[in-house]
Amino acid sequence: MATDSDVLYPPRPEPDALTQFFWDGVNEHKLLIQRCSNGHYIHWPKIVCRFCLSTDLAPAEVSGRGQVATFTQPVQPFHPYFQQHPGYVLAVIELVEQPHLTLVSNVVDVAAEDVRVGMPVEVTFREVAPGFTLPLFRPAATGS
Ligand SMILES: [Zn+2]
C-alpha cells in the first residue's frame, strides 16, 4: 500500500561497496568519478579499468562541467514521484574530463523545450528529499 513518502519522494539509490564513494561525494556536494592510476575515468564504477585493466582505482573529483549528449522527456513515469513532476528532462551528460564519460541525470533550471544536444551544463546538488541529494545539471553559467 502506498504511503505519503512513496508519493512525495523519489526512489533512492542503494549504494554498494563500489558505488558508496559516489554518493558520499554527492552528500558533500562533490562529483567523484572513479579513475585509474593511468588517468582513465570510469563510470559506473568497476573493479578493473576497462581501458588498461588497472585495478589501481580511486575516486577523483571532477569539474562538474559537461554537455547534454542526449535527452528525453518521459511521458509515462514509472514512479509516483515522477508523476508529480511532469515534463522533467532525463539526460545523458558527457563530462568534459574525457570523451564518452557519461552519467544519467536531469537537466533543471531551463524550460524543457530549450534543452539541446550539446548544451553546456554544470552540476548542481539538490536535496530532493530530506537527507537525499542528487547531482543534477543546469545550463552552464556563461563565461565559465
Ligand atoms: Zn586505465
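Is glutamate 122 buried or exposed? In this predicted model, glutamate 122 is buried, with a relative accessible area of 16%, and its side chain meets that of arginine 138 in a salt bridge.

**Salt bridges**

- The count of salt bridges in the model comes to three.
- Arginine 138 and glutamate 122 meet at 3.0 Å, N to O, and this pair links distant parts of the chain, with arginine 138 in strand β8 and glutamate 122 in strand β7, 16 residues apart.
- Arginine 138 is partly exposed, with a relative accessible area of 30%.
- Aspartate 109 forms a salt bridge with arginine 126, their closest N and O atoms being 2.6 Å apart; aspartate 109 lies in the loop between β6 and β7, whereas arginine 126 belongs to strand β7, 17 residues apart.
- Aspartate 109 is exposed, at 52% relative accessible area, while arginine 126 is partly exposed, at 26%.
- Lysine 30 and glutamate 28 also meet through their side chains, at 3.9 Å, N to O; lysine 30 is partly exposed, at 34% relative accessible area, and glutamate 28 is exposed, at 54%.

**The largest pocket**

- The largest pocket has a volume of about 760 Å³, and its lining consists of 30 residues, with Phe82, Ser105, Asn106, Leu134 and Leu136 lying nearest its centre.
- Among the elements that give two or more residues to this lining are α2 (20–27) and β8 (132–139), while β6 gives the most, with five residues.
- The lining residues divide into 22 nonpolar, five polar and three charged, and at least three come from each of domain 1 (12–61) and domain 2 (63–144).

Note on methods:
Residues are numbered from 1 along each chain as its sequence is written. This is a predicted model: local features need pLDDT of at least 70, side-chain atom pairs count only at pLDDT 80 or more; totals for chains, interfaces and linings use all residues. Side-chain values use heavy atoms; hydrogens and water are left out. On a 1 Å grid over the protein atoms alone, a cavity is a set of points where a 1.4 Å probe fits but cannot get out, and a pocket is an open set with protein on both sides within 12 Å along at least five of seven lines; lining residues have an atom within 4 Å of a point. Grid points are joined across faces, edges and corners, and a volume is the space filled by probe spheres set on the points. Helices (H or I, at least four residues) and strands (E, at least two) are DSSP runs, numbered from the N terminus. Ala, Val, Leu, Ile, Met, Phe, Trp, Tyr, Cys and Pro count as nonpolar, Asp, Glu, Lys and Arg as charged, and the others, Gly among them, as polar. Domain bounds come from an automatic or database domain assignment. A salt bridge is a side-chain nitrogen of Lys or Arg within 4 Å of a carboxyl oxygen of Asp or Glu. Buried means under 20% relative accessible area, exposed over 50%, partly exposed in between (1.4 Å probe, protein chains only).
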